Amino acid sequence: MTAIHPSILSADFANLESELGRIRGADAVHVDVMDNHFVPNLTLGLPVVQAIRKVTDLPLDIHLMIEDADVWAPQYAELGAESVTFHAEAAKAPIRLARQLRSQGSKSAMALRPATAVEPYLDMLSELDMLLLMTVEPGFGGQKFLDIMLPKIRRARQAADDLGSRVAIQIDGGVSSETIERAAEAGADTFVAGSAVYSAEDPEEAIAQLRRLAASAAESS
Ligand code: DX5
Ligand code: ZN
């Protein structure tokens, strides 16, 4: 199932409620939490996520680009986030953390930086509802899609299929109408898009177009 998750990193932070109103057709809203340690940028944390929760019915897809994920991730699940994504590079005990998130009623998701190999994590795919393969170096919106990640997406999809795993494969970074089809062909099914949605004149139309392109590319692959 193709899903489009717009990232509010590219939205107007002074008007988040109305910005959320511009993406009602999305499958979830992607919220980028950055701590200026794991990545060289600082965005928002628990109080802002709590405020967002109150003004939208969209599922919250929380992407934690922060250190000490074992400590912080459960607190986002506690707020009622539908899915919480921690980075493998920032988790001391990723399997324990994934299990904890599920036990809190949230989907468990794990992200890998572009230069982190997926192979060491394949045995834990059954613990995850979603695997996020970054297609830019995390930290900023508006970067160029890394085509060199396509083989990694393909290998992850193949491994998930071989294991009979229903894990969603999400990509994040540089997703646009130019790039989404090749990522979908490679096996991604969940797409984060920040600038491609929020810089569009009509964000709803941008979401619909991305979904159409990805779905037809997935079908023909
Ligand atoms: C980057 C964030 C992304 C960002 C994507 O580190 O994780 O979610 O918002 O922005 P675009 O779609 O503009 O590359
Ligand atoms: Zn993100």
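## Basis

Residues are numbered from 1 along each chain as its sequence is written, and chains are lettered from A and ligands numbered from 1 in the order in which they are written. In this predicted model local features need pLDDT of at least 70, side-chain atom pairs count only at pLDDT 80 or more, and totals for chains, interfaces and linings use all residues, while side-chain values use heavy atoms, with hydrogens and water left out.

## Zinc site

H30 (NE2), D32 (OD), H63 (ND1) and D172 (OD) coordinate the zinc ion (ligand 2) at 2.1 to 2.3 Å. Donors here are N, O and S atoms within 2.8 Å of the metal (3.2 Å for Na, K and Ca); water is not among the atoms, so sites may look incomplete. The six donor atoms make angles of 72 to 171°, and the site is octahedral (six donors, opposite ones over 155 degrees apart and all others between 65 and 115). Ideal angles for six octahedral donors are 90 or 180 degrees.

Along the chain the donors of the zinc ion (ligand 2) follow the spacing H-x1-D-x30-H-x108-D. D32 in strand 2 (residues 29-34) and H63 in strand 3 (residues 60-65) are 31 residues apart and link distant parts of the chain. Strands (E, at least two residues) and helices (H or I, at least four) are DSSP runs, numbered from the N terminus. D32 counts as buried because its relative accessibility is 6%, and H63 is buried at 0% (buried means under 20% relative accessible area, 1.4 Å probe, protein chains only).

Eight strands form an open sheet in the order 1-8-7-6-5-4-3-2, with parallel pairing (a pair needs at least two DSSP bridges). Strand 1 (3-6) and strand 2 are at the edges with a single partner strand each, so one side of each has no neighbour in the sheet.

Strand 1 runs parallel to strand 8 (residues 190-193), joined by four bridges. In this pair I4 stands opposite F191 of strand 8.

The largest nonpolar core has 69 residues, and I8, I23, I62, M110, L131 and F191 have the most contacts inside it. Such a core is a set of buried Ala, Val, Leu, Ile, Met, Phe, Trp, Tyr and Cys residues joined through side-chain atoms within 4.5 Å.

K152 lies in helix 5 and counts as buried, at 5% relative accessibility. From K152 to E17 is 36 Å, C-alpha to C-alpha, across 135 residues in sequence.

How values were computed:
Tetrahedral: all angles 85-135°; square planar, octahedral: opposite > 155°, others 65-115°. Buried < 20%, exposed > 50% of the residue type's maximum accessible area, 1.4 Å probe, protein only.
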